[in-house]
Amino acid sequence: MAPTVPSPAKSASPSQPSGKSEVADLKQQLRHLAGSRAPDADDQRRDVFKRVISCMTAGIDVSAAFGEMVLCSATSDVVLKKMCYLYVGVHARNHPDLALLTINFLQRDCRDQDPTIRGLALRSLCSLRVPNLVEYLVTPLATGLKDPNVYVRMIAAVGAAKLYHISATACLDADLPAALKALMLSDPDAQVVANCLHALQEIWTLEASNSEAAAREIETLYSKPVVFYFLNKIKEFSEWAQCLVLELASKFLPSDNNEIFDIMNLLEDRLQHANGAVVLATIKVFLHLTMSMTDVHQQVYERIKAPLLTLVGAGSPEQSYSVLCHLHLLVMRAPMLFSSDYKSFYCQFSDPSYVKKLKLEMLTAIANESNTYEIVTELCEYAGNVDVPIARESIRAVGKIALQQYDVNAIVDRLLQFLEMDKDYVTAETLVLVKDLLRKYPQWSHDCIAVVGNISSKNIQEPKGKAALIWMLGEYSQDMHDAPYILESLVENWEEEHSPEVRLHLLTAVMKCFFKRPPETQMALGATLAAGLSDTHQDVHDRALFYYRLLQYDPAVAECVVNPPKQAVSVFADTQSTEIKDRIFDEFNSLTVVYQKPSYMFTDKEHRGPFEYSEDLTNLTVGAEATENVISAQRYQENDNDLLLSTSDKEDNGTATNNGSSASSYNAPSDLIGPPLLSSQTPSETLLINPGGPTNSLQSNFSLDDLLGLGAPEAPAAPPAPALTLNSKPVLDPGTFQKKWGQLALSLSQECSLSLQGAASLMNPQSLIRHMQSNFIQCIASGGQPPNYKFFFYAQKDGATVFFLVECIINTASAKAQVKIKADDGTAADAFSALFQSALSKFGLS
Amino acid sequence: MISQFFVLSQRGDHIVFRDYRGEVPKGSAEIFFRKVKFWNDDEAEEAPPVFNVDGVNYIHVKVAGLFFVVTTMVNVSPSLLLELLQRIARVTKDYLGVLNEDSLRKNFILVYELLDEVIDFGYPQTTSTEVLKSYIFNEPIMVDAGRLPPLGPAAMFMQGTKRMPGTAVTKSVVATEPGGKKREEIFVDIIERISVTFSSSGYILTSEIDGTIQMKSYLTGNPEIRLALNEDLSIGRTGSSTFDYRSSSGGGAVILDDCNFHESVQLDSFDIDRTLHLIPPDGEFAVMNYRITQEFKPPFHVTALIEEAGPSRAEVLLKIRADFSANVTANTIIVQMPVPSYTMRASFELEAGAIGQTTDFKEGSRRLEWSLKKIVGGSEHTLRAKLTFSQESHGNLTKEAGPVNMNFTIPMYNTSKLQVRYLQIAKKSKAYNPYRWVRYVTQANSYVARL
């Protein structure tokens with residue numbers, strides 16, 4: 001056994017001065033040992049190597065010892081070899097010339113008798129990551145792929161991917177992908193097969209952006225023979241490789257229902273696997289396969305509930321967290337299906353707060369007539385919890401459930417009980433909720449006001465709660481006896497109020513109160529306006545000035561502005577659009593689900609995952625071939641990171657400048673963006689003079705209304721045209737399109753079909769784009785590979801400024817298209833939809 | 001695709017650091033550690049196991065007070081990485097016998113060796129202790145489990161509350177023992193973690209058992225094993241609600257809501273005779289996980305009372321009754337009760353003749369803590385406490401205090417009545433008679449009584 005190892009703890013801290021002298025000392029010893037033939041030389045070497053690696057782990061720069069390490073590496077001791085390989089792998093990149101020294105012994109080891117040595121050497125050789133050593137890599141790799149030993153082939157397969165990263169051309173020139181593919185489909189060992197698949201996915205996915213052949217190769221990976229080849233031997237694979245195969249299967253597009261059921265039957269028992277990753281990957285396959293079959297899809301939900309809940313209970317808290325995130329996603333999509341399982345989502349004492357938060361959201365979502373009472377009872381228990389953030393969340397959850405309209409009566413009672421608990425954060429949270437409730441259910445004002453009136457504003461420190469209380473004081477000042485006086489005392493303390501939000505609310509509340517009880521409020525109003533006008537916060541100052549001038553102009557008008565008759569709010573805005581939700585669901589069993597945002601928001605394009613087909617919006621190309629306006633499109637990209645145009649591939653734009661029709665960039669067609677001089681202008685200037693202008697003013701309207709607490713104004717209604725004709729040359733630039741797409745509500749979403757000829761002739765996006773153009777529907781962006789394409793179209797109503805925006809996802813295998821339409825004028829959406837569909841269905845027939 | 005794997009100590013020292021793809025910028029371990037240490041500092045929340053900083057995804061689990069972390073740039077399956085991390089920890093434990101900072105530091109070269117084989121270029125290869133054996137050349141340096149210094153009081157906290165009870169087996173799967181000869185033995189542990197919530201009136205609001213049959217085999221030659229469970233075991237509860245108690249009370253049958261199995265388990269005859277066939281791989285693994293929401297008799301009955309006793313005083317009464325047979329003893333019992341935030345002092349009054357009981361008032365977290373070394377089945381224990389407040393209490397004391405939470409371990413007791421009827425090992429010869437250990441243990445996961 002090796003003698004006592006110097007404790008790494010002693011040298012663990014990089015800040016310790018010993019670092020440098022330690023390295024010098026190690027170098028010295030290594031040099032001394034290099035030529036040593038003493039019987040215990042290997043033991044001594046092991047010792048020194050260990051110290052080197054221990055330093056390396058601790059973050060001490062030991063690269064200075066590179067030469068000495070290499071000199072000592074000529075040994076037959078496997079443990080020594082491994083340590084040396086590890087060291088060399090880490091430091092070779094910074095010492096390309098010295099790395100050459102290692103090539104010799106690595107190459108020799110690649111031909112060793114012992115397969116373990118061959119494998120290890122090959123792995124290290126490929127891990128050097130030194131571009132100018134590539135020539136030494138190709139032959140051992142090619143030989144390794146044919147090695148009689150499984151271990152070596154396994155390593156060679158991954159090695160091919162490593163080589164691709166060092167030098168793509170070397171890898172492709174040696175025809176390694178073809179060799180990998182052959183091996184993948186024939187090797188008897190499952191891990192070799194899995195590694196080939198890993199490597200091919202990585203190589204072809206990266207290659208796909210500049211080679212159509214590679215794109216086709218990816219297609220073959222999803223093809224029926226390949227997918228079924230993998231699925232049929234799924235049990236031979238390790239659990240990790242099973243996940244890989246299942247991920248592949250989830251992208252497979254079956255041609256008929258029998259195939260779907262075959263796959264599901266084959267994978268049924270994977271749902272009983274103890275490894276949560278396998279179960280989730282299987283669930284993804286099931287969910288994706290059954291998307292088009294509503295009934296079966298629902299059955300899948302029922303089927304996967306129990307295994308998911310078991311996984312939540314088993315394993316470490318971290319493992320349950322990930323599973324719970326996925327359950328959360330499913331619950332949010334189909335709360336009905338989980339309504340009887342609510343007790344599974346009760347918080348447990350030992351749950352960490354990130355788990356409790358998820359559970360609270362789920363409880364909120366699944367509350368319905370039958371379980372609301374019990375859920376709310378449970379949530380109320382948490383409100384007194386020692387864990388303050390969770391107590392807050394629980395109160396919010398109760399409020400949200402009340403807004404869902406179940407059992408409001410009882411909930412209002414309980415909320416009011418919260419106010420009696422007399423804990424400042426409970427009171428603050430509750431006030432915010434009571435305010436929202438009153439906006440939705442004005443009929444409860446009587447009960448609420450009685451309780452709220454008893455709360456002393458001095459006890460509330462949190463701005464949100466205080467603002468809510470002030471809002472209620474203003475809004476219901478006629479019912480609250482003390483309202484003017486409370487407001488007055490608040491105004492007296494104006495200077496001490498640090499939150500501008502509270503001061504803004506105070507201004508408005510005093511105004512409201514003034515119109516309801518003028519004699520009592522007059523004094524306070526004067527003081528308020530004076531305080532507001534001298535406020536240093538711009539918004540507060542402006543609002544005070546605005547009120548002041550309004551009152552000067554005409555008090556009656558001022559009253560209309562401040563105290564208009566209010567309608568109850570029926571729905572509070574949802575924070576996440578359905579599009580984003582759908583995308584998150586598409587990316588089931590990935591980090592997306594944990595972060596609750598689609599991958600384009602947190603990864604750059606290259607890293608979205610091995611199987612991200614170019615559904616990916618960054619890959620969209622534009623219909624017409626144009627180069628002049630590329631710059632402006634790029635500018636947009638730099639300024640917008642919205643859904644449509646992602647910022648992540650600036651490097652692709654470089655290529656786009658040279659080649660406007662490049663498959664992986666976004667650029668604008670020449671006839672869409674006005675004269676070339678526009679291209680040099682900043683986007684905001686462009687916006688002001690383009691026909692999309694109205695969106696701008698619309699936006700400012702909204703913010704003003706918000707400020708005054710008005711409801712949204714009705715959109716200017718255009719008279720519905722009996723028959724819709726489209727402008728033959730509409731103009732809409734990408735930036736405006738994107739803005740509109742983000743702002744407008746979805747008018748219509750439906751599935752329609754293509755003619756079979758159409759589906760068959762849709763080999764690339766261009767053909768459809770030309771066809772739609774002839775129907776006066778312009779394409780602004782498109783992308784995808786067979787069989788999935790995605791397009792964004794737009795059209796304009798003839799003689800009006802009304803635009804129609806369309807997102808259209810076509811699957812050529814099923815000849816189906818998912819169409820989403822947004823329109824400036826929702827009333828015309830139906831007419832446009834008919835027009836669009838008829839145009840689409842004619843594709844391929846003419 | 002994993003970019004890096006590293007293990008950090010509680011102080012943030014690198015114990016092992018392996019970069020597989022060279023794509024994550026330098027300093028990731030430091031970024032990770034800072035993020036975890038100072039996650040939402042003012043609200044004292046724990047960092048979630050998965051988070052993203054500047055485009056790098058950090059995924060971690062806490063094992064034995066250590067952070068096992070992987071980083072990735074790709075949008076991969078979080079479950080896959082979390083399972084893998086847990087598995088790496090388990091394989092390491094199989095090799096080292098004991099998994100802690102000391103054993104890892106002593107064996108870091110072996111861990112590097114393992115990591116090379118477990119992950120290649122970021123792709124998981126194999127995590128089977130058995131397969132790995134043929135590629136690992138370092139001999140583990142054993143750490144004596146008995147004389148280990150504890151990791152400090154924070155260690156308990158770092159390990160997470162759902163931690164499995166330590167299997168008493170702390171010997172390496174691979175190392176040869178000092179005697180030279182390997183002892184043929186196999187351990188089967190039935191571990192049940194129970195969650196019960198009592199309402200203020202003592203009724204059971206929710207109850208659940210999360211169980212695991214865990215196995216650790218030291219048998220040479222991988223003989224086949226038959227593990228027979230209760231014959232009347234049934235799986236999948238009928239009826240609309242999974243929490244429907246009416247159907248099950250009284251009957252002796254064990255009804256599992258659901259279960260899953262290790263991949264080595266053959267279920268061919270499971271439907272007929274409830275027997276699992278398997279060839280156990282080396283090392284520790286879960287044969288089966290199961291979940292039960294069927295009503296069961298909770299091992300402890302807990303009652304808690306808090307009453308006003310004067311203008312700024314209150315009295316607390318905690319009572320525990322052990323509802324199991326007298327030949328079973330629970331140990332390491334801790335009862336905690338949060339008290340109103342304006343509590344200044346607490347004085348305790350233990351029952352007469354109490355042995356091995358301690359009490360404490362944790363001022364920082366405002367809670368009473370009552371620890372009992374052991375509780376014998378059938379016995380009852382009470383604790384009285386007088387609280388002094390800094391202000392007059394207002395309103396309802398029960399909303400300001402509680403709920404009471406209890407932690408315990410009961411060896412040789414299983415709540416669900418799930419039994420291993422027999423454990424049969426395919427015989428190689430007549431003389432072959434390995435040791436078989438079947439052990440039961442019940443632990444509290446979330447055992448809560450409301451006020």
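## Salt bridge Arg153(A)–Asp187(A)

In this predicted model, the side chains of Arg153(A) and Asp187(A) form a salt bridge with an N to O distance of 2.6 Å; a salt bridge is a side-chain nitrogen of Lys or Arg within 4 Å of a carboxyl oxygen of Asp or Glu. The two residues are 34 residues apart and link distant parts of the chain: Arg153(A) lies in helix α8 (residues 150–166) of chain A, and Asp187(A) in the loop between α10 (176–186) and α11 (190–207). Helices are DSSP runs (H or I, at least four residues), numbered from the N terminus. Both Arg153(A) and Asp187(A) are buried, where buried means under 20% relative accessible area, exposed over 50%, and partly exposed in between (1.4 Å probe, protein chains only).

## Other salt bridges

Over all chains, the structure holds 58 salt bridges. Lys224(A) and Glu259(A) meet in one of 3.1 Å, N to O. Lys224(A) is partly exposed, at 40% relative accessible area, whereas Glu259(A) is buried, at 7%.

## Interface of chains A and B

In the interface, 96 residues of chain A are in contact with 90 residues of chain B, contact being heavy atoms within 4.5 Å. The buried area is about 8,200 Å², with carbon and sulfur atoms giving 55%; this is the accessible area (1.4 Å probe) that two parts lose on being put together, summed over both.

Eight salt bridges are counted between the two chains. Among them, Arg123(A) pairs with Glu117(B), the closest N and O atoms being 3.1 Å apart. Glu239(A) pairs with Arg87(B) at 2.7 Å, crossing from helix α14 (residues 239–250) of chain A to helix α2 (residues 78–96) of chain B. Glu239(A) is buried, with a relative accessible area of 7%.

## Packing of helix α26(A)

Helix α26 (residues 483–492) of chain A has buried residues Ala483(A), Pro484(A), Ile486(A), Leu487(A), Leu490(A) and Val491(A). Seen down the helix axis, the buried residues of α26(A) fall within an arc of 165°, so they line one face of the helix; the arc is that of the directions from the helix axis to the C-beta atoms. They pack against α25 (463–475), α27 (500–516) and α28 (518–533) of chain A.

## Conventions

Residues are numbered from 1 along each chain as its sequence is written, and chains are lettered from A in the order in which they are written. Local features need pLDDT of at least 70, side-chain atom pairs count only at pLDDT 80 or more, totals for chains, interfaces and linings use all residues, and side-chain values use heavy atoms, with hydrogens and water left out.
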